[in-house]
Amino acid sequence: MVLPLVLLNQASAGDRVPSTRFSPTSRGTSPRIWRNRILLAASSLRFARTHPALIPIFYILLSATAACAATWTPSVYTIYRPHSLAGCSLQKLRALAHDGDPAAENALGDRYLHGQGVKQDWKQAVVWYHKAALAGNANGAFNLAFAYNFGEGVPQNTHKATYWWQQSAKDRHRPS
């Protein structure tokens, strides 16, 4: 409750409130939230000069912003995929993979890996994982790294495995 009083007193004096005076990292809030608090305090004071009975309400609002900022969590965005590959037939999956769909390439690699509808073949699985990884599919890159790390379908190569694991991590955090 002390912080809103300090902000209102400084804003009433017409001084710019330096952002270094209040350490945003000490309370775990971002500089944007602090800037918004300062702007709210300054605009609230202008209104409060004409309506002095509302000053306690402004103090409550300013203290509530700290509680809201502490409980705020960023929203999670999901990507809508128009087709699901889970129940896809092998012929449709092959058609999508040959058309260059990275998710279908990875799914076809999984089919070859586990022998679902086709003869189990690690080399074919690695071929499809490689195509998916080159297209930016994080799961394809991870599966390819796994194959290189354990020498399944390709000669064992830990350097390539490390490279593809790093690519997988980058692709998972890349915005679509």
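Me: If contact means heavy atoms within 4.5 Å of each other, which residues of helix 5 meet which residues of helix 6?

Reply: This is a predicted model, in which local features need pLDDT of at least 70 and side-chain atom pairs count only at pLDDT 80 or more, while totals for chains, interfaces and linings use all residues. Residues are numbered from 1 along each chain as its sequence is written, and side-chain values use heavy atoms, with hydrogens and water left out. On the helix 5 side you will find Leu-90, Leu-93, Arg-94, Leu-96 and Ala-97, and these meet Ala-104, Glu-105, Ala-107, Leu-108, Arg-111 and Tyr-112 of helix 6. By class, this contact of helix 5 with helix 6 holds 8 nonpolar residues, 3 charged ones and no polar residue, where Ala, Val, Leu, Ile, Met, Phe, Trp, Tyr, Cys and Pro count as nonpolar, Asp, Glu, Lys and Arg as charged, and the others, Gly among them, as polar.

Me: At what angle do the axes of helix 5 and helix 6 cross?

Reply: Two packed helices are described by the angle between their axes and by the distance between those axes. The axes are lines fitted to C-alpha atoms, for helices over the stretch in contact, and angles run from 0 to 180 degrees between N-to-C directions. Helix 5, residues 90–98, crosses helix 6 at roughly 135°, and the two axes come within 8 Å. Helix 5 is therefore oblique to helix 6, since angles under 35 degrees count as roughly parallel, over 145 as roughly antiparallel, 65 to 115 as roughly perpendicular and the rest as oblique.

Me: At what angle do helix 6 and helix 7 pack?

Reply: Helix 6 (residues 102–114) packs with helix 7 (residues 122–134) at about 165°, their axes being 8 Å apart, and the two helices are therefore roughly antiparallel. From helix 6 the contact draws on Pro-102, Glu-105, Asn-106, Leu-108, Gly-109, Asp-110, Tyr-112 and Leu-113, and from helix 7 on Trp-122, Gln-124, Ala-125, Trp-128, Tyr-129, Lys-131 and Ala-132. Sorted by class, the residues of this contact come to 9 nonpolar, 3 polar and 3 charged.

Me: Is Ala-125 buried or exposed?

Reply: Buried means under 20% relative accessible area, exposed over 50%, and partly exposed in between (1.4 Å probe, protein chains only). Ala-125, which belongs to helix 7, has a relative accessible area of 0% and so is buried. Leaving aside residues up to four places away in sequence, Ala-125 touches Gly-109, Tyr-112 and Leu-113. Its C-alpha also lies 8.8 Å from that of Leu-144, although Ala-125 and Leu-144 are 19 residues apart in sequence. Over the whole protein chain of 176 residues, 35% count as buried.

Me: Where is Gly-117 found?

Reply: Gly-117 is in the loop between helix 6 and helix 7, and its relative accessibility of 69% is why Gly-117 counts as exposed.

Me: Which residues of helix 8 meet which residues of helix 9?

Reply: From helix 8, Ala-138, Asn-139, Ala-141, Phe-142, Leu-144, Ala-145, Phe-146, Tyr-148 and Asn-149 meet Thr-158, Lys-160, Ala-161, Trp-164, Trp-165, Gln-167, Ser-168, Asp-171 and Arg-172 of helix 9. By class there are 10 nonpolar, 5 polar and 3 charged residues in this contact of helix 8 with helix 9. Helix 8, residues 138–150, packs with helix 9 at about 165°, with 8 Å between their axes, so that helix 8 and helix 9 are roughly antiparallel. In the loop between helix 8 and helix 9 sits Asn-157, which counts as partly exposed because its relative accessibility is 24%.

Me: Which residues does Asp-171 touch?

Reply: Asp-171 lies in helix 9, residues 158–173, and is buried, because its relative accessible area is 13%. Not counting residues up to four places away in sequence, Asp-171 touches Ala-133, Gly-136, Asn-137, Ala-138 and Ala-141.

Conventions:
Helix = DSSP H or I, 4+ residues; strand = E, 2+ residues; numbered from the N terminus. Contact = heavy atoms within 4.5 Å.
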